[in-house]
Amino acid sequence: MAVDTLLMTVLVLIYLGATLVIGYIGYKQTKNTEDYLVAGRNSHPFVIALSYGATFISTSAIIGFGGAAANLGMGVIWLTVLNIGVGILLAFVLFGKKTREIGQRVKAVTFPDLMCKIYKSPLLQYISGFIIVISMPLYTAAILIGGARFIEPTLNLPYTSALLIFAVITALYVVFGGIIAVMYTDAFQGTIMLIGMTLLLVLTYLAIGGVTAGNTALTNMADLVPKALASQGMTGWTSVPELGSPIWFTLVTTIVLGVGIGVLAQPQLVVRFMTAKDNRSLNRAVLVGGPFILMMTGVAFTVGALTNVYFYQHSGQIAIDAAGGNVDAVMPLFINLAMPDIFVVIFMLTLLSAAMSTLSALYHAMGTALTVDLWGRGRECALSLRSNQYGIILMMIVSTLLAFVLPISIIARATAMFMGLCAAAFLPAFAVGVYAKVPSTRAAIASMLSGAVTWFFWTAFVHTAEAKPLGLCQYIFGKPVLLPLPWSVIDPLVIALPVSFVVMCVLQWQAGKHPAPGTVAA
Amino acid sequence: MLVFGIPDPQIWIGYVLALGFTLACIVYGFMNWNRGGANDGS
């Protein structure tokens, strides 16, 4: 790394200073618990859009999925299609407005609290709170790793120090400023991300000779696909894998569907709808959110695939070989080698922003789930600022410890796992809850449990990518997975979501035919 | 057919759809800019 250390230090300090000042402004505006948890339900549309987008897009999207695109090619662009079509249009228009209206009416402050009040069931609050507390640290740890992986070589810091500094600084403004500080800093960080990713796209194409020349060069590299990948169905970096091959299933079920649909029922994103004052704020946020997501994931996936051209032109290697086999190291290595020094600094700030904006939202969601929905449910202390601050600190420690024990090349997979579980467990109950006139509590509980249990079973006993390293199936049944191909490469979401959806629909339909005595429309 | 150097329609259609949905977000935002305000009955 030849970046001037003084310049780097000064810009990073300015960035951190600005973040803390904005966080402090959020802290000063936080007068009560409703401010701390849902920003007083009065957020500006621009802040909602950028906060939603910046929370949605983390280092996982840029480092993890950019690396996945370097490995699997431009087919990952279908995730961008879903990110915008489902993650913004569908999420804001179909779910956002209803969530805001109901959340305001029943005064819900967290996602589990919303589920509890819609279905009038504390058990649902416990179940959803529990799922958040056990699964969100995995996603949080993946984001911590993504950020630390880039800071480590760029600032020449030991990995452990990079990770710890990163975790603590983010926690600082979340703990004190609550969601107002989180959303204000998200908006600031989202703006930096937009600048950084725009520059990344332009500079990458400049480095490889232009749009058509660069894409053509990548097309012409098809015969360089490693034998191991080719035998699994990969055909090149500008074509989708062979239909029905193991890589096709991974691309379509884990990456595109797992993350693309999973975004709809993520607790930290749903809460953002509840911070809006009215539906007009959400309508306006859509205008900003769509282009923002295009410039984040669209650019990361395109550049990720194109890194192969750069590495081949300069070292005769494809990207994954140049990065020593570590998918998560491709994007940081490319930035450090291919970009001008000043951009390395800008991109580091972009990544810091992406990681901090998502981390802060996750810390807030996990901490409040632990405090409001589990430990303090039904107790007055659940709504005290101090209790929520302790909850956030505790979950931050758990996530940081997890980051130290996760294996390499984990970022994209951990993200997909978290999002898949969220969709399988929460999506049907959430969708019916905000739309049905008389949502059935029994159906919601059964759907949530069946979705989560099916997801865990498929993850631990069938899906090779997780079942094999986990070793539980091997220990109990003496073989790495229970089912052969193609089942062993189909993502748990693709099985678990239909299960929870069918359970929800059947029981909801039954409840509609035989309503419980005294049941009235909400 | 090569589109910007990309031979597989399954890839470039993905890019077209990503741009199309982005445009839809922009149009939706403009069309509903003043709808759903607090005094608008929402």
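Which domains does the domain assignment give for chain A? The assignment, automatic or from a database, gives domain 1 (5-435) and domain 2 (436-522). This is a predicted model, in which local features need pLDDT of at least 70, side-chain atom pairs count only at pLDDT 80 or more, and totals for chains, interfaces and linings use all residues. Residues are numbered from 1 along each chain as its sequence is written, and side-chain values use heavy atoms, without hydrogens and water.

**View 1. Where domain 1 of chain A meets domain 2 of chain A.** The C-alpha centres of the two domains lie 25 Å apart. Their contact (heavy atoms within 4.5 Å) takes 33 residues from domain 1 and 31 residues from domain 2. Together they bury about 2,500 Å², 78% of it on carbon and sulfur atoms; this is the accessible area (1.4 Å probe) lost on being put together, summed over both parts.

**View 2. A cis peptide bond at Pro486(A).** The bond from Leu485(A) to Pro486(A) has omega near 0 degrees. Pro486(A) sits in the loop between helix H21 (472-477) and helix H22 (492-513); helices here are DSSP runs (H or I, at least four residues), numbered from the N terminus.

**View 3. Positive phi at Arg41(A) and Lys120(A).** Take a look at Arg41(A), with phi near 50 degrees, in the loop between helix H2 (33-38) and helix H3 (45-56). Arg41(A) is buried (under 20% relative accessible area), at 6%. Lys120(A) also has a positive phi, about 50 degrees, and lies between helix H6 (111-119) and helix H7 (122-154). Lys120(A) is exposed (over 50%), at 67%.

Note on methods: Chains lettered and ligands numbered in written order. Helix = DSSP H or I, 4+ residues; strand = E, 2+ residues; numbered from the N terminus. Buried < 20%, exposed > 50% of the residue type's maximum accessible area, 1.4 Å probe, protein only. Buried area = accessible area lost by both parts, 1.4 Å probe.
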